[in-house]
Amino acid sequence: MALIVQKYGGTSVGNPERIKNVAKRVAKFQAQGHQVVVVVSAMSGETNKLIALAKEVQATPDPRELDAIMSTGEQVTTGLLSMALMDIGCKAKSYTGGQVKVLTDSTHTKARILSIDESNMRRDLDAGHVVVVAGFQGVDEHGNITTLGRGGSDTSGVALAAALKADECQIYTDVDGVYTTDPRVVPEAKKLDTITFEEMLEMASLGSKVLQIRSVEFAGKYKVKLRVLSSFQDEGEGTLITVEEDKNMEQPIISGIAFNRDEAKLTMLGVPDTPGIAYQILGSIADANIDVDMIIQNVGHDGTTDFSFTVNRGDFAKAQSILEGVKAKLGAREITGDNKICKVSAVGVGMRSHPGVASKMFKALADEGINIQMISTSEIKISVVLDEKYLELAVRMLHRTFGLDQ
């Protein structure tokens with residue numbers, strides 16, 4: 001008998017019929033003798049509707065009240081799923097994040113989990129209940145409802161699994177696992193049986209939308225066995241995300257090709273080549289709460305240098321106007337920007353023991369006449385910035401180059 005935490009996303013519980021299907025799946029696990037905790041998202045589209053409603057009343061909604069509104073989406077799903085389980089003869093009990101109690105800090109709309117009291121859940125599990133918990137939400141020390149930010153239900157699922165020391169945390173989504181790349185771009189993409197937390201973290205941070213990055217960090221930190229499965233297929237083992245790479249098998253060098261379209265690049269030309277210049281440029285960007293990804297500073301000539309960095313495309317205009325203010329202060333020559341770029345990355349723990357991955361990647365891009373604008377590397381990934389029009393060609397070609405379609 002195992003203790004399993006299952007998390008179902010918005011599309012999996014998108015209507016009453018799908019909720020009934022989830023109930024049948026959960027009942028099957030319980031019938032096999034497992035204890036099951038189910039974490040649910042709001043029905044697909046509900047959270048957006050609630051936010052739109054709030055904005056009709058207040059142009060910039062108060063964060064505390066917005067959390068109170070947004071959290072209702074998940075509560076509806078917990079009640080409906082508990083009813084569906086009861087209807088097929090399963091004892092079930094629903095909980096809000098506050099009832100569990102998932103204690104968070106007080107940062108409304110993007111709170112972080114501090115602790116979880118699992119005693120209520122354990123009592124109900126021992127009494128034969130399926131425990132259904134609202135994902136995405138918690139409560140702060142003052143009793144205020146908080147939410148965990150976009151994709152927070154994944155984090156809720158992993159956090160509950162860690163608190164309960166569950167045997168496995170299963171994330172049910174609309175795909176049946178983690179693929180070598182997006183099958184919509186490369187039809188030959190293959191589903192991975194296993195992937196390491198390190199690789200999954202890189203894939204999630206580089207644009208793979210299968211799992212929310214915070215949930216992967218959480219699972220890695222607390223050694224929670226994480227499995228990604230499809231809520232629309234009864235068969236299949238999905239993809240297991242593990243701490244250790246499989247030592248018994250010859251690992252592929254590259255596990256996947258990730259990409260991100262939401263990139264923009266800014267360059268400040270003719271910046272004085274003096275100590276502290278990077279801080280003066282990026283300090284003001286950080287103060288505006290804008291995340292910076294890749295950074296390149298060229299070798300200085302004649303006492304000046306060029307400084308480039310990438311930001312999310314949604315922050316491009318804001319970052320550009322901040323730089324205009326910094327430019328005058330520094331006496332830089334000009335600012336250039338490009339919001340038609342993309343980032344393509346090769347990820348794999350096998351890189352550590354296989355030299356020549358970068359040169360193979362760069363040669364393949366050169367053979368296709370694709371110019372690399374920026375390069376960034378870590379121990380297990382190589383990322384390049386390219387003109388957006390080459391994205392699909394580059395992804396398909398690198399997928400083939402590294403034998404991921406085999």
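Visitor: Where is the place of Arg112?

Guide: Before we start, keep in mind that this is a predicted model. Arg112 sits in the loop that runs between β4 (102-104) and β5 (113-116). With a relative accessibility of 46%, Arg112 counts as partly exposed, because that label covers values between 20% and 50%. Leaving aside residues up to four places away in sequence, Arg112 touches Leu103, Thr104, Asp105 and Arg214. Now look back along the chain to Cys90, which is 22 residues apart from Arg112; the C-alpha atoms of the two are separated by 33 Å.

Val100 and Lys101 are joined by a cis peptide bond, with omega at about 15°.

From here, let's move on to the nonpolar cores. The largest one has 41 residues, and those with the most contacts inside it are Val37, Ile116, Met121, Val133 and Leu226. Helix α7 (residues 152-164) gives the most to this core, namely seven residues. As a general picture, nonpolar side chains in soluble globular proteins tend to be buried together. Take Leu226: not counting residues up to four places away in sequence, its contacts include Val158, Cys169, Ile171, Phe197 and Leu211. Apart from this core lies another, of 24 residues, and Ile382, Val384, Leu386 and Phe402 are among them.

Lys165 lies in the loop between α7 and β9 (168-173), and Lys223 lies in the one between α9 (213-221) and β11 (226-230). Lys165 has a positive phi of about 50° although it is not a glycine. Lys223 isn't a glycine either, yet its phi is positive, about 55°. Lys165 is exposed, with a relative accessible area of 69%, and Lys223 is exposed too, at 56%.

Beyond residues up to four places away in sequence, Thr310 touches a list of residues including Glu263, Asp291, Met294, Ile341 and Val385. After α10 comes Asn289, whose phi is positive, near 65°.

Last stop: a pair of helices. Helix α12 (residues 357-367) and helix α13 (residues 391-401) pack at an angle of about 135°, and their axes are 10 Å apart. That angle makes α12 oblique to α13, and the crossing is right-handed. On the α12 side, the contact is made by Lys360, Met361, Ala364 and Leu365, while α13 brings Ala394, Met397, Leu398 and Thr401. Sorted by class, that's six nonpolar residues, one polar and one charged.

While you're at α13, find His399, which is in that helix. At 1% relative accessibility, His399 counts as buried. Setting aside residues up to four places away in sequence, His399 touches Thr180, Thr181, Val186, Glu188, Ala189, Ile257, Leu404 and Asp405.

Methods
Residues numbered from 1 in each chain as written. Predicted model: local features only at pLDDT ≥ 70, side-chain atom pairs only at ≥ 80, totals over all residues. Heavy atoms only, no water. Axes fitted to C-alpha atoms, helices over the stretch in contact; angles between N-to-C directions. Helix = DSSP H or I, 4+ residues; strand = E, 2+ residues; numbered from the N terminus. Parallel < 35°, antiparallel > 145°, perpendicular 65-115°, else oblique. Left-handed = near helix turned anticlockwise from the far one by under 90°. Contact = heavy atoms within 4.5 Å. Nonpolar A, V, L, I, M, F, W, Y, C, P; charged D, E, K, R; others polar. Core = buried A, V, L, I, M, F, W, Y, C linked by side-chain atoms within 4.5 Å. Buried < 20%, exposed > 50% of the residue type's maximum accessible area, 1.4 Å probe, protein only.
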